[in-house]
Amino acid sequence: MKRSDVVITNTHKFHIAGEWVDPLSSVTLDVVNPATESPIATIAMGGHDDVDRAVSAARTAFDGFASTTVAARIELLERVIEAYRSRADELASVTSSEMGAPLSVARAGHVPSGLGHLMATLDALREFEFEETIGSTTVVHEPIGVCGFITPWNWPLNQIAAKVAPALAAGCTMVLKPSEIAPLNAIIFAEILDEAGVPAGVFNLVHGDGPTVGAALSAHPEVDMVSFTGSTRAGIEVAKNAAPTVKRVTQELGGKSANIIVDDDAFAEAIERDVIRMVINSGQSCNAGSRILIPASRMDEAADIARKTAAQMVVGPPDDPTTTVGPVVSADQFRKIQDLIRTGIDEGATVVVGGAGRPDGLDSGYFVQPTIFAGVSNDMTIAREEIFGPVMTFIAYTDEDDAVAIANDTVYGLSGYVSSADPDTARRIARRLRTGTVHLNGATLARDAPFGGYKQSGNGREFGRFGLAEFLEVKAIFGANC
């Protein structure tokens, strides 16, 4: 399907109580294609009254949906999966247009990631024990209630599905505020849930920005849980807004993940593989291994491998089949990345490849050159701040203890990477990293395993049975088995 073939309706409406309704606010916002810098749609932007209406719908629907059987929710998820598959081409085209991923990446990465969460949650639901006996006590797991979801633009379908699927499985109702930068995929997702027969009010969609709709949702007294994915700065605000009502808050926040390359036979292969992986979504992944830790004695060799690898990358329009790196998502993001690249140069880091400015031949669009810095110390700005672009820092280490110390010297703790020809070495180093996830020798995410961070990378876990458990309260009924 060509991108021009996709027609998105309901951009000026919100999905509330099972219907597409007019907003109570009159504010609108253009959705901009980052490759062309031109608007591709205009969406309605909500306000506090729209949030109230959506939360009320979710509260009204909660008792009925919470009392549904596990079997009924299994059947519902099966229908959602079927409907999602039928819209896969549209989802890929729209996601590519609004956030800039190459169409090949949208098809092979973005859309399957959402489907993967739906399927992993279905498997978890089939196996989950909602009731157990401990002595004379019955312990039951019950849906937590009305949930507010605030999701980002970088992997939009991934994060929407990672929240919506377990909420449905648990018997919760919900209000979603997707990113206003890339909101069109969420409209299709809402249509998918309608087609699958999700009951009215169980899922509600309101567009808006963080300071308005996000704040109203996280502070709302009738919302029992907020699940947020985004920057640490915004996550702190969500937690502050939620605190007065003592609701559950789960957060998947920023990262500055270290990638330790061990000095052994896996060295060259690991650098080439991981440089390519770093830029696959224009570096816009919270768990990206952007701090690449290199044995000091092999830094020149690593830089040469990285330079040759970067030379093979094609930065260009997302709909060009030869493109491997698309634009970053917005003008603000482009400016931030350019400022940080210049900061790296000013602080004395060496540009191995790339640098400030657009790639040659691209005079418009938010295109960033894949950039690698060497000669970086871990106290430099580009080693501390989350750049969220196709920018890597090569940091030298002397031995394993030094590598682990550098890796853990960050306020973040979302992910880590270790590559070694010796699996025992890789596993040993992984256990020393203060992160919620670690990838060994190029291993990818598993959607039935927990995902989340330590420290300022958040709290709570998503994916599979771990994600399902976050949407459940635990009740002990003492004396039930006397």
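1. Buried here means under 20% relative accessible area, with exposed over 50% and partly exposed in between (1.4 Å probe, protein chains only). Helices (H or I, at least four residues) and strands (E, at least two) are DSSP runs, numbered from the N terminus. Please keep in mind that this is a predicted model, in which local features need pLDDT of at least 70 and side-chain atom pairs count only at pLDDT 80 or more, while totals for chains, interfaces and linings use all residues. Residues are numbered from 1 along each chain as its sequence is written, and side-chain values use heavy atoms, leaving out hydrogens and water.

2. Next, the pairing around E16. Strands of a sheet pair through backbone hydrogen bonds, either parallel or antiparallel; two strands are called paired if DSSP finds at least two bridges between them. Strand E13 (residues 291-295) runs parallel to E16, joined by five bridges, and Arg291 has Thr393 as its bridge partner in E16. Strand E15 (residues 371-376) is also parallel to E16, over four bridges. Here Phe373 stands opposite Thr393, and Ile372 stands opposite Met392.

3. Stepping back, which strand order does the sheet have? It is an open sheet of seven strands, E14-E15-E16-E13-E12-E17-E18, with mixed pairing. At the edges stand strand E14 (350-353) and strand E18 (439-440); each has a single partner strand, so one side of each is left without a neighbour in the sheet.

4. Two helices deserve a look against this sheet. Helix H10 (residues 299-311) packs on it, touching E13, E14, E15 and E16, and its direction makes about 165 degrees with that of E16. Helix H13 (residues 400-408) packs on the sheet too, touching strand E12 (258-261), E13 and E16, at about 140 degrees to the direction of E16. Contact means heavy atoms within 4.5 Å; axes are lines fitted to C-alpha atoms, for helices over the stretch in contact, and angles run from 0 to 180 degrees between N-to-C directions.

5. How far apart are the end C-alpha atoms of helix H4 (residues 103-127)? They are 35 Å apart, which agrees with the 36 Å that its 25 residues should span at 1.5 Å a residue; the expected span is 1.5 Å times one less than the number of residues. H4 also bends by about 35 degrees at Pro112, the bend being the angle between axes fitted to the seven residues ending there and the seven starting there.

6. Asn281 sits in the loop between helix H9 (267-278) and E13, and is buried with a relative accessible area of 2%. Its side chain makes a polar contact with the side chain of His110 (2.9 Å); a polar atom of that Asn281 side chain also lies 3.1 Å from the backbone oxygen of Asn154. A polar contact is a pair of N or O atoms within 3.5 Å; within protein, one must be able to donate a hydrogen and the other to accept it, and residues adjacent in sequence count only if both atoms are side-chain atoms.

7. A polar atom of its side chain lies 2.9 Å from the backbone oxygen of Ala58.
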